[in-house]
Amino acid sequence: MSEPLEQIVLRCKAGEKASFEWLFEQYQPRLKYYLRRLDETGTNSDDHLQEIWITVLRKIHTLQNSELFPVWLYRIARNCVYSGFRRKQRFARLPEDHEIPVSDNNEPTFHADDAEKLHRALDTLKPQHREVLTLSFMEQMSYQSIAEVIGCSIGTVRSRLFYAKQSLRREMERQHGSK
């Protein structure tokens, strides 16, 4: 479909099957990746995906702003995974990072040839760091959108990204000697 996402979501809200199928095809692989970053065991990702899409079908009519579909979808995904953690009593509330002034000058940079190394290093990071890196770089969400998905302030998002990038850089250097 070559029309804007908002139109597709509106048609899906109206019950058009093809629109839902398009959303599913577009977001399913990305959601699967996101879920793997939240739950490193990955044993329940298929169950989570099924639960997420059932929730989308049942509740899409409640989505007020169709432009915010990705934020709404990832919030559903996050809630699904964390409620699974609670059911298994594996969930521990992550402390909010202290907000710090972040300078763009000290941010680490990464290159495309580091993709495989990045994925391996990501697996070793704290869940909160994997999550913000995934939403920021893989999903290209704004700080505001990330804050809405994970339920925190923009300052906390900035802080988590800052520390996540530092941790990722250290892990890559530890595992591979450079970058």
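Helices here are DSSP runs of H or I with at least four residues, numbered from the N terminus. The model shown in these views is predicted.

**View 1. Phenylalanine 69 and tryptophan 72 both lie in helix H4, which spans residues 69-88.** The two residues are 3 apart in the chain, about one turn of the helix. An α-helix has 3.6 residues a turn, so residues three or four places apart point the same way. Phenylalanine 69 is buried, as is tryptophan 72.

View 2. By the ring-pair rule, the structure contains 6 aromatic pairs. In one of them, phenylalanine 20 and tryptophan 53, the ring centres are 5.7 Å apart and the planes stand at 90°, so the pair counts as edge-to-face. This pair links distant parts of the chain, with phenylalanine 20 in helix H2 and tryptophan 53 in helix H3 (residues 45-59), 33 residues apart. Both phenylalanine 20 and tryptophan 53 are buried. The pair of phenylalanine 69 and tryptophan 72 is instead tilted, with 5.9 Å from centre to centre and 45° between the planes. Phe20, Phe24 and Trp53 are linked by ring pairs into a cluster.

**View 3. Glutamine 28 of helix H2 meets tryptophan 53 through a polar contact between side chains.** The distance of this polar contact is 2.6 Å. Beyond its neighbours within four places in sequence, glutamine 28 touches Leu23, Leu49 and Trp53.

**View 4. Leucine 31 is a buried residue of helix H2 (residues 17-38).** Buried means under 20% relative accessible area, and leucine 31 has a relative accessibility of 0%, so it counts as buried. Neighbours within four places in sequence aside, the contacts of leucine 31 are Leu49, Ile52, Trp53, Leu73, Tyr74 and Ala77.

**View 5. The buried residues of helix H5 (residues 115-122) are Leu118, Ala121 and Leu122.** Around the helix axis these residues cover an arc of only 100°, which puts them on the same side of H5.

**View 6. Cysteine 80 and cysteine 152 are buried.** The relative accessible area of cysteine 80 is 5%. For cysteine 152 the relative accessibility is 16%, so this residue also counts as buried. The structure holds 0 disulfides.

How values were computed
Residues numbered from 1 in each chain as written. Predicted model: local features only at pLDDT ≥ 70, side-chain atom pairs only at ≥ 80, totals over all residues. Heavy atoms only, no water. Buried < 20%, exposed > 50% of the residue type's maximum accessible area, 1.4 Å probe, protein only. Arc of directions from axis to C-beta. Contact = heavy atoms within 4.5 Å. Polar contact = N/O pair within 3.5 Å; in protein donor to acceptor, adjacent residues only side chain to side chain. Disulfide = S-S within 2.5 Å. Phe/Tyr/Trp six-rings, centres within 6.5 Å; stacked < 30°, edge-to-face > 60°.
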